[in-house]
Amino acid sequence: MSQIIVKGGNALSGSVRVQGAKNSALPILAATLLNRGETVLKGCPRLRDVDASVRILRHLGCEARWEEDTLTVNTAGMNCCNISDALMREMRSSAIFLGAVLARCGQADLSYPGGCELGPRPIDLHLAGLRELGADIREDGGRLRCSAPRLVGRKVVLSLPSVGATENLMLAACGGSGVTSIYNAAQEPEIVDLQDYLCACGAKVSGAGTSTVTVEGGAQLFGCTYTVMPDRIAAATYLCAAAAAGGEVRLTGAKEGHLSTVTAALREAGCTVAADEEGITLRRRRALRGIRPIHTAPYPGFPTDAQAVLMAALARSRGATVFEENIFTNRFRHVDELSRMGADIRVSGRVAVVNGVERLHGASVQSTDLRGGAALCVAALAAEGESAVSGVEHIDRGYEDLAKTLAELGADVRRDEGNSEE
Ligand code: EPZ
């Protein structure tokens with residue numbers, strides 16, 4: 001069982017380049033199915049979730065090969081439109097393949113994606129929207145048997161700005177005839193990145209980043225070369241790590257516009273944060289202080305994916321901070337583990353109250369999910385003594401090599417692969 005071993009106390013210093021965005025690469029990899037050519041995806045992060053997507057693409061008959069951080073996908077050989085239960089369960093966001101397979105093949109057979117640690121992950125909005133576009137979707141014992149010989153452009157209104165539903169509908173609409181308008185669409189930067197990739201392939205998509213995305217379907221798409229946007233949540237993670245440990249860190253490639261609610265919170269907590277065209281620099285000299293309540297919300301609100309790592313940084317601070325988690329029902333699982341390190345955090349429903357403490361101490365802790373695991377590493381940087389963070393497989397879903405990156409910034413961190421028999 002691999003672990004990340006952290007000896008707290010080192011201030012961080014230095015500069016790292018931010019990895020490509022997981023939550024942009026994943027929908028773009030699904031979108032490669034919309035053309036029969038070759039996509040050269042540069043800056044693609046090497047993550048467990050990306051590996052799972054590559055396995056799905058290969059299962060569907062596509063070719064995919066890595067050259068450093070460039071992933072080249074050729075979908076000409078696609079010869080299958082069903083995705084096995086095992087493959088679907090490997091990655092929560094595999095539902096994103098539904099719209100693309102329907103658009104490409106006119107049919108799809110896949111299972112409900114696995115739930116995850118964050119709580120139930122329904123896809124009712126995805127299915128309702130695809131049915132609006134003309135898909136016939138039958139739910140049969142956990143399998144989704146879908147047929148869409150003709151997808152037709154429609155006005156679709158999402159009852160909530162679901163990122164995945166917005167992306168699925170964008171992809172399906174590219175394969176439909178006529179114009180699709182998606183109202184109450186998610187506005188995340190990753191939606192804009194998907195739009196930019198689709199347009200680079202010859203699609204007619206506009207409005208991403210606003211609440212209405214419009215797709216003029218039916219265009220013949222072709223392969224292209226595209227560079228994935230920087231990962232704003234990885235950037236938020238390393239900024240919170242620097243805030244927790246103290247020191248000065250520069251993140252090249254990070255775009256402050258993608259995480260301004262996070263940098264604003266870190267400034268309010270007492271950090272100096274400077275941003276320019278090339279990246280973001282954070283400096284923390286004095287003790288962190290509690291800040292005004294954090295309410296997670298769809299973009300441009302405070303990102304739910306940064307909630308855990310900011311909480312970990314503020315666990316050792318002067319004052320209290322209230323967090324309200326409004327996106328997922330079970331996204332405070334890192335709290336119990338932070339408490340084992342001496343954090344004083346009280347949870348009631350969707351609200352967690354962090355009473356900052358002066359000291360944290362090292363402990364053996366268990367990652368419960370992707371961002372919760374990263375949060376434990378952030379807190380361990382500020383703790384006295386050694387921490388052992390297990391469940392690294394969760395962290396590897398979203399971070400190329402968290403331990404190595406923190407060590408490059410001066411943290412006393414190493415990855416212990418442990419005894420493989422365990
Ligand atoms: C995406 O998940 C991200 N994943 C998540 O990042 C992120 O936390 C989330 O968006 C919110 O920003 C990827 O992009 C791969 P949603 P997604 O659909 O698309 C409910 C990470 O850490 N909902 O916007 O699944 C849902 O239950 C991951 O990188 C429905 O009820 O998020 C949730 O409460 C975690 N019905 C809320 O909406 C639906 O059909 C937001 O979900 C769809 C969603």
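1. Tyrosine 197 and tyrosine 226 are both buried, where buried means under 20% relative accessible area, exposed over 50% and partly exposed in between, with a 1.4 Å probe and protein chains only. The model is a predicted one, in which local features need pLDDT of at least 70 and side-chain atom pairs count only at pLDDT 80 or more, while totals for chains, interfaces and linings use all residues. Residues are numbered from 1 along each chain as its sequence is written, and side-chain values use heavy atoms, with hydrogens and water left out.

2. A search of the whole structure finds two aromatic pairs. Rings of Phe, Tyr and Trp (its six-membered ring) pair if their centres lie within 6.5 Å; planes under 30 degrees apart count as stacked, over 60 as edge-to-face and the rest as tilted. The ring centres of tyrosine 197 and tyrosine 226 are 5.9 Å apart and the planes stand at 75°, so this pair is edge-to-face. Distant parts of the chain are linked by this pair, with tyrosine 197 in helix H7 (residues 189-200) and tyrosine 226 in strand E13 (residues 225-227), 29 residues apart. Helices (H or I, at least four residues) and strands (E, at least two) are DSSP runs, numbered from the N terminus.

3. Tyrosine 238 and tyrosine 399 also form an edge-to-face aromatic pair, with 6.5 Å centre to centre and 85° between the planes. Tyrosine 238 belongs to helix H8 and tyrosine 399 to the loop between helix H13 (392-395) and H14, so that the pair links distant parts of the chain, 161 residues apart. Both tyrosine 238 and tyrosine 399 are buried.

4. Two charged side chains sit over rings. The charged end of arginine 46 lies over the ring of tryptophan 66, 4.0 Å from its centre, and that of lysine 155 lies over the ring of tyrosine 183, 5.2 Å from its centre. The criterion is that NZ of Lys or CZ of Arg is within 6 Å of the ring centre and within 35 degrees of the ring normal.

5. Which residues of H10 are buried? They are Gln307, Ala308, Val309, Leu310, Met311, Ala312, Ala313 and Leu314. Because eight of the eight residues of helix H10 (residues 307-314) are buried, this helix is largely enclosed by the rest of the structure. H1 is mostly covered, with nine of its 10 residues buried, including Lys22, Pro27 and Ala31.

6. Domain 1 (3-19 + 230-416) and domain 2 (22-227) both contribute lining residues, so the largest pocket lies between them; the domain bounds come from an automatic or database domain assignment.

7. The second largest pocket is lined by 20 residues, of which Arg17, Val18, Gln19, Gly20 and Glu400 lie nearest its centre. Strand E2 (12-17) and helix H14 (402-408) are the elements that give two or more residues to this lining, and H14 provides the largest share, three residues. At least three lining residues come from each of domain 1 and domain 2.

Terms used:
On a 1 Å grid over the protein atoms alone, a cavity is a set of points where a 1.4 Å probe fits but cannot get out, and a pocket is an open set with protein on both sides within 12 Å along at least five of seven lines; lining residues have an atom within 4 Å of a point.
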